[in-house]
Amino acid sequence: MSDIALPAIASARSRWLRRYGLASFGAAIILAWVLAAIFAPWLTRYDPNLVDVAMRLRPPSASNWLGTDALGRDVATRVIHGARVSLTVGMVVVLVGALFGTLLGAAAAYARGWAEEGLMRLTDLVFCFPPIILAMAIAAALGIGTVNTVIAMLVVWWPKFARLSRSLVISQRSMEYVEAAQSIGFGPAHILLRQIIPNAVGPLVVLVTLDLGNAILVFAGLSFLGLGTVPPTPEWGSMVGEGRELVQQWWVATFPGLAILTVVMAFNFMGDGFRDWLDPHAKRR
């Protein structure tokens, strides 16, 4: 290999790391948490719900790496098992909300007229309320439980995708390829699902990736307030809530809080990487 090629390779590697290094780091963190959630029963030797009062509030040690909580349960075990609930809820809320909101917004933009006006006014009605406050009210009305909390979050989650999808479809529906599909004789459903949405999916993918961390954070906040999972189910937000008054026993709330922090930051890093990858101007920098 020539001496001229080596600096070019090093420069290309440096540009790639500068653009996608954080995104790759975030993807590695998410992969690590997903694998930990899948293999949780084999990664720890404790039962996450086993109460042992004699071992309560023990600091981190060789036998309990992250200490124990007020009921003597191993914090590390509960953090790892808590990833199952938090990651699953975040993905379900965002993916279902994105699917429903995208189809609703796209249908409204393509239908035009009174249908578009009515669907967008419904979206504006949901946007009138702060999402976390509306989710709290719905979750409190439905009752404590993971399923009820997911339903409450879905009610407030779809409008952002509907708005973005509508704006993307409006910008695409007058393009030449749509007119060509209409002239061939394709129906509205085929044009919308097979032509317009695939060409407008880029910004939606970025929003989904960024929103996954936000959904996990909101669910943790609802669980912190007692509106999420039913005890003794391990979940990061409820674990932080259990340790909020244990100032001297800092490990009870700190480690599940760090789990939330790492996951939210990792999804944000991935979202920024997707945005740069899909942005043609960023590729030329």
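## Working through rings, helices and loops

Trp250, Trp251 and Phe255 belong to one cluster, held together by ring pairs. The model is predicted, so local features need pLDDT of at least 70 and side-chain atom pairs count only at pLDDT 80 or more, while totals for chains, interfaces and linings use all residues. Residues are numbered from 1 along each chain as its sequence is written, and side-chain values use heavy atoms, without hydrogens or water.

**Exercise 1. Find how many helices and strands the chain has, and what part of the chain is buried.**

Step 1: Start with the elements, which are DSSP runs numbered from the N terminus (helices: H or I, at least four residues; strands: E, at least two). The chain has 12 helices and zero strands. Read along the sequence, the pattern is α-α-α-α-α-α-α-α-α-α-α-α.

Step 2: Turn to burial (buried is under 20% relative accessible area, exposed over 50%, partly exposed in between; 1.4 Å probe, protein chains only). Of the 285 residues in the chain, 42% are buried.

**Exercise 2. Classify the ring pair of Trp250 and Phe255, and compare the accessible area of the two residues.**

Step 1: Search the whole structure for aromatic pairs, which gives five. Rings of Phe, Tyr and Trp (its six-membered ring) pair with centres within 6.5 Å; planes under 30 degrees apart are stacked, over 60 edge-to-face, the rest tilted.

Step 2: Take the geometry of Trp250 and Phe255: 5.7 Å centre to centre and 50° between the planes, which makes the pair tilted.

Step 3: Look up the accessible areas. Trp250 is partly exposed because its relative accessible area is 43%, whereas Phe255 has 19% and is therefore buried.

**Exercise 3. Locate the charged side chains that lie over the faces of Trp157 and Phe224.**

Step 1: Apply the criterion (NZ of Lys or CZ of Arg within 6 Å of the ring centre and within 35 degrees of the ring normal).

Step 2: Over Trp157 lies Lys160, at 4.5 Å from the ring centre. Over Phe224 lies Arg244, at 5.5 Å from the ring centre.

**Exercise 4. Check the spans of H6 and H9 against expectation, then find where each helix bends.**

Step 1: Compute the expected span, 1.5 Å times one less than the number of residues. H6 covers residues 146–172, and for these 27 residues 39 Å is expected; the first and last C-alpha atoms are 38 Å apart, close to that value.

Step 2: H6 has a kink of about 30° at Val155, shortly before the proline Pro159. In H9 the bend is also about 30°, and Asp211 is its place.

Step 3: Follow the chain past H9, where Gly226 has a positive phi, near 90°.

**Exercise 5. Find the backbone features at Pro232 and Leu57, and say in which loops these residues lie.**

Step 1: Inspect omega between Pro231 and Pro232; at about 10°, the peptide bond is cis. Pro232 belongs to the loop between H9 and helix H10 (236–242).

Step 2: Inspect phi at Leu57, which is positive, about 55°, although the residue is not a glycine. Leu57 sits in the loop between helix H2 (40–43) and H3.

Step 3: Finish with burial: Leu57 has a relative accessible area of 17%, so Leu57 is buried.

Notes
The bend at a residue is the angle between axes fitted to the seven residues ending there and the seven starting there.
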